[in-house]
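Subject: Structure for your files

Hello,

Here is the structure I said I would pass on. My notes follow below it.

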Amino acid sequence: MKEFSTYKKDDVIFLLKDISDMIVEEDNMTREKKIQSGTHYSEMIPIEYQVSDEYLNLYRTKLKENKEKLAFAIGVMSEKILKRHDKNVVLVSLARAGTPIGILAKRYIKQRYNLDLPHYTISIIRDRGIDINAIKYIINKHKDSSKIQFIDGWTGKGTIANELKKACDELEGIFNMKFDSSLAVLADPCGYSNVYGIREDFLIPSACLNSTVSGLVSRTVLRDDLIGKDDFHGAKFYKELKYVDESNNYFRYYFSLF
């Protein structure tokens, strides 16, 4: 099977179409001009630059400074997920910022309770909604599971939290079942979630990097010439950045704290 991401399949399964050889990255100025002309941001991906040594050192400094706070937030969020759903839950991270957080939650729950919960990453796109084909796959794969818990890194201004609420309303009509629109996050400073780690607005280290802390996976893409009606939303795998990938180092660093 073709490689897609540097994560282990035991940690997460990506429900994304690999469009690595089908799309070309574009610089910020080009993308901004297209957006001004009406192109949706999800139809393009940015160029992923290797960060400078100075920036990488700053990232590693923040790892050390925030390690206890992030580990605490992971534990609190994960405990709330279990209290809300018990053992019968599928973890579904929202690509791509939610993926490393979902992996940490899965590992925490496995180590503390010996529960190996299924964990997927799917796409949700502002103004275009959630990947319905991915949800259909999860429902069919886990017929005995009564709940899906969506996971992201933080709520920010609530854009994705609100998009998820709209998506869950749509999904209920399609699948004739109830979907929990509560978005589990580490930080929820503006009060959009009730499944949060802490309310404080702190720097989550994985927010400092892009693909190199996200399994080398791009932002998700939804474009008619690339994504068919039965396809998952798409993404690119940046295999050329393997030599600077920090994704699994990030987990090893925090997993030692649980």
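Strand β3 (residues 89-94) and β4 run parallel and are joined by four bridges. In this pairing, Leu91 stands opposite His119 of β4. Between the two strands the chain passes through helix α4 (residues 98-113), and this β-α-β crossover is right-handed. Please keep in mind that the model is predicted.

Strand β4 itself comprises residues 119-122, and both of its faces are covered. His119 and Thr121 are buried on one side, while Tyr120 and Ile122 are buried on the other. In a regular strand, side chains alternate between the two faces of the sheet.

These pairings belong to an open sheet of six strands, paired in parallel, with the order β1-β4-β3-β7-β8-β9. The edges are β1 and β9 (196-198); each has a single partner strand, so one side of each has no neighbour in the sheet.

Two helices that lie across the sheet strands are worth a note. Helix α3 (residues 67-85) lies across β3, β7 (147-151), β8 (183-187) and β9, and runs at about 150° to β9. Helix α4 lies across β1, β3, β4, β7 and β8, and its direction is at about 150° to β3.

Is α4 largely enclosed by the rest of the structure or left open? Buried here means under 20% relative accessible area. Twelve of the 16 residues of α4 are buried, so the helix is largely enclosed by the rest of the structure. The buried residues include Gly98, Pro100, Ile103 and Leu104, and also Lys106, Arg107 and Tyr108. After α4 comes Asn114, which has a positive phi, near 55°.

Regards

Conventions
Residues numbered from 1 in each chain as written. Predicted model: local features only at pLDDT ≥ 70, side-chain atom pairs only at ≥ 80, totals over all residues. Heavy atoms only, no water. Buried < 20%, exposed > 50% of the residue type's maximum accessible area, 1.4 Å probe, protein only. Pairing = 2+ DSSP bridges. Right-handed = clockwise from strand over helix to strand, strands pointing away. Contact = heavy atoms within 4.5 Å. Axes fitted to C-alpha atoms, helices over the stretch in contact; angles between N-to-C directions.
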